[in-house]
Amino acid sequence: MPSELSAPPVFRRAVVALSGHPNGQRLIRLVAELAKPYKAELIGVHVVEIDWSMPLDMDLAGRSDEIQQVLDVAEGTAEAAGVQLESVLLQARDVGAALVDEAVEREADLLVVGLAYRTKFGGDFAIGKTIPYILKNAPCAVWVVREPIPEETS
Amino acid sequence: MIGGRRPLQGRKPADRRVRVERPHAPYFRYVGPGQMVAKAAAHEPKTTVGRSWARIRKAAIGRPLASEEEAGERLTKKKALAIFSSDAISSSAYATQEIIRVLAVAGATALAFSVGVSVAIAVLLAVVAVSYRQVCRAYPGGGGAYAVARENLNPLLGLVAAAALLIDYVMTVAVSTASAIAQIVSVEPDVEKWTVEVAVVVITLMTIANLRGLRESGNIFAIPTYLFVGLALLMVGIGLSSILTGHAQPLATPNAEAFPPGTGLSIFLLLKAFAGGSVALTGVEAIANGVPAFKPPEAKNAANTMGAMAILLGVLFIGVTIVAHAYQIQPTVNDVPTTVSLVAGTAFGSGSVLFVLFQASTALILFLAANTSYNAFPRLGAILAQDGYMPRQFSYRGDRLAYSWGIVLLSAVAAFLIWLFGGKVTALIPLYSVGVFVCFTLSQIGMVIHWRKVRDSGWQWRLGLNAFGAVLTAVVLVVVVSVKFVDGAYLVVILIPTLVGIMLFIHRQYDASRRELSVRHDLVFETPHREERAVVPIPGVNRAVIQAVNVARSVADDVRAVFITENPADGVEIRERWERQVPGVPLVVVESPYRALTGPLTAYLDVLDAAWPPDKDAPITFVVLPEYVARRWWERILYNQSVKRLRSALLGRPHTVVVNVPYRRDDPGLFEQGDRRASGQEPPPNP
């Protein structure tokens, strides 16, 4: 049992949530390293949240270089780590629901999300509403990869 | 880039999402706002012929490498020694022979001076190598003698050095390939009638190996080079231990040349032997030309490789000469057997496995001597192209990050020389070492000035060393030229200035075009306010013409069609159709009784220009040419001949832009709208 717990978990297809935060590259590298030995499939998903006051299918994400760059940088990072990453760009009302639905549709057995560390106001992990939603609704394993606390990195 | 959007239903009714297509993703990657990097798919050819050619290239030279993979293509010191030093190290196989052949003219006793001469050459080698180690550190961008002379002396002398080196590299390929084949011929005489063919095949194989990139060619060429070095060191070691233990006895040289009577040893003869043996130094400068090919720290690695190469060459050269002298080996008729093979016979025993292996590796390394040129010539060509002295193509790197144009040019010229001289390049050998000593001398003088300018720590001794080297190499240059002038060195006097002249001509052309095209940095360009008009020469009324007229209407308000005909009746018929089918675009019918097309059209444009009000800026005239896209190669013969004539006649015309509007049968494109309206398929526009 202890050896099973210490061994890295095996997955076949993982959906990786990409928020555009700098921590995302670290996240990709980590997942890529674990995916490589098992030739697991990686799907990077970036969700652009559309306000209820605007039409969901408005032409927003497709036009923005910055939004495309989030996925392209992730693709490049995975490629540098020796793994292919399929990139998916979504527009949705709720990021958590879109990620879970994409994971369901893709039959993913892992959903990876990053958790950023906010240095303001004494420093804290602001978990928000997306991660709790995913933890509650995802039909597969969920990894929450937190950003290193500055004291750790120093 | 506007992506398509596909709505998707979530698990809950409110959880709809839209997947946004990313059409750029297969071809480009965003690295910043408005900044993209092209992926491999963007470079893939779209046509069948292009794809087939790409497949052939991939099979022959490997998959294309991205620029970021360049670091992986850099050379380790071990591979660099094999790639850049095969020319220099291979000369240890024949340099001793060159010395004793000259000294033998003065009789058997003169052969005793062979060791002294070889030591003197080794001293020269040491000076040159130390000097070039300094060049590697001072000029890490490569370029060797050219870079040093251009910066410290003047650009013209830099070009002289470059021209001398280019000639020398071509000669190295031609001569070493031919001499390696000569080695094969001495074993298998039947090969002689195929000399040119074998040489061309060898050069082609070497070209392919080098087009595959530095790292792979290093892998291919490292084994034979190190095999030769290992066996040669073993041979020298055995020979020296035999001498020390007193086992070395005079050898009866087979096929020995008879000593000519009555010629005494003179200073001139010693200098001639020194000049002959100096061929050992050819190829020494190659490392300094290719510093950027090394793994970081480039300059340090290049300098260390230069040191290793000089030590290896010096040890092998002096070692072979000492052993040859101890066994009193004499020059042979037509160099059969060669001096080095006789030395190998004393060490390994004639006919032994090691002896045969050594002979094979000697033949191989003579082939590989050409490979040094394949690395040095294209790099020098690239540097010259970057400086505007050679066509720009020479600075472009091919699929495998090799300077493909330089590699192909070198092969073509070397193969041409071999074909021209029927594979017997002995007539060209006198040119061989002249270029090298021109470069040595210029680079040493340049380094003297360099040290005077920079005055780094220890600059005095460095300057002294380079000054000593400059004097030494200048003396050797004078000796080499005077000894070999009649034999062919005079050609250098013709070839170097010719090449320099060509390079200066190219530089002047680039300079002139750069001046013409340059834009001042302080200027800001607003949208131009010149009027536009479009003229569409038409051969009749067809879909391609209508498409061209539509394009013309989108770029100018003033559009007119011109129909040039020799038959007035055709004009009437076309006008009736034109006015009915293309309303709003005036048609000018020009009758051409002399059946010309280009002349009447340009004359018509002249008339339009002349009629333009002189107080207004001349308008931009778009000449819009309808063109039918050929789908098969033979269709290109059938169509667009008139368009080609018109285009070439109009290209130099002032204030005129020639626009080609291709019509593709499988892509109606711009024609579609008018077509539908005419056939009643499209509903009438809303009032």
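## Domains of chain B

Chain B is divided into domain 1 (1-42), domain 2 (75-511) and domain 3 (532-679); domain bounds come from an automatic or database domain assignment. The centres of domain 1 of chain B and domain 2 of chain B, taken over C-alpha atoms, are separated by 57 Å.

Before we go on, a word on reading the model: it is predicted, local features need pLDDT of at least 70, side-chain atom pairs count only at pLDDT 80 or more, and totals for chains, interfaces and linings use all residues. Residues are numbered from 1 along each chain as its sequence is written, while chains are lettered from A and ligands numbered from 1 in the order in which they are written.

## Where chains A and B meet

Let us look at the contact of the two chains. It takes 25 residues from chain A and 22 residues from chain B, where two residues are in contact if their C-beta atoms, placed from the backbone, lie within 7 Å. On the side of chain A that touches chain B, α3 (65-80), β3 (85-92) and α4 (95-105) of chain A each supply at least two residues. Here helices (H or I, at least four residues) and strands (E, at least two) are DSSP runs, numbered from the N terminus. α3(A) gives the most, with seven residues.

By class, this side of chain A has nine nonpolar, six polar and 10 charged residues. Ala, Val, Leu, Ile, Met, Phe, Trp, Tyr, Cys and Pro count as nonpolar, Asp, Glu, Lys and Arg as charged, and the others, Gly among them, as polar. The chains also share strand pairing: β3(A) is joined by four bridges to strand β2 (residues 17-20) of chain B, and the two run antiparallel. Two strands pair if DSSP finds at least two bridges between them. A:L90 has B:R19 in β2(B) as its bridge partner.

## A hairpin in chain B

Strand β3 (residues 28-32) of chain B runs antiparallel to strand β4 (residues 35-38) of chain B, with four bridges joining them. B:F28 stands opposite B:A38 in β4(B). This hairpin has two residues between the strands, and in it B:G34 takes a positive phi near 70°.

## Two packed helices

Helix α6 (residues 113-138) and helix α11 (residues 267-277), both of chain B, pack at an angle of about 55° with their axes 10 Å apart. Axes are lines fitted to C-alpha atoms, for helices over the stretch in contact, and angles run from 0 to 180 degrees between N-to-C directions. That makes α6(B) oblique to α11(B) (angles under 35 degrees count as roughly parallel, over 145 as roughly antiparallel, 65 to 115 as roughly perpendicular and the rest as oblique).

Who meets whom? Among the residues of α6(B) are B:F113, B:V117 and B:I121, and they belong to a group that meets B:L270, B:A273, B:F274 and B:G277 in α11(B). By class, this contact has seven nonpolar, two polar and no charged residues.

## The open sheet

Five strands of chain B form an open sheet in the order β7-β6-β5-β8-β9, with parallel pairing. β7 (587-591) and β9 (656-663) of chain B stand at the edges, each with a single partner strand, so one side of each is left without a neighbour in the sheet. The twist averages 25° from one strand to the next.

Strand β8 (residues 620-628) of chain B is joined to β9(B) by eight bridges, and B:P626 has B:V661 as its bridge partner in β9(B).
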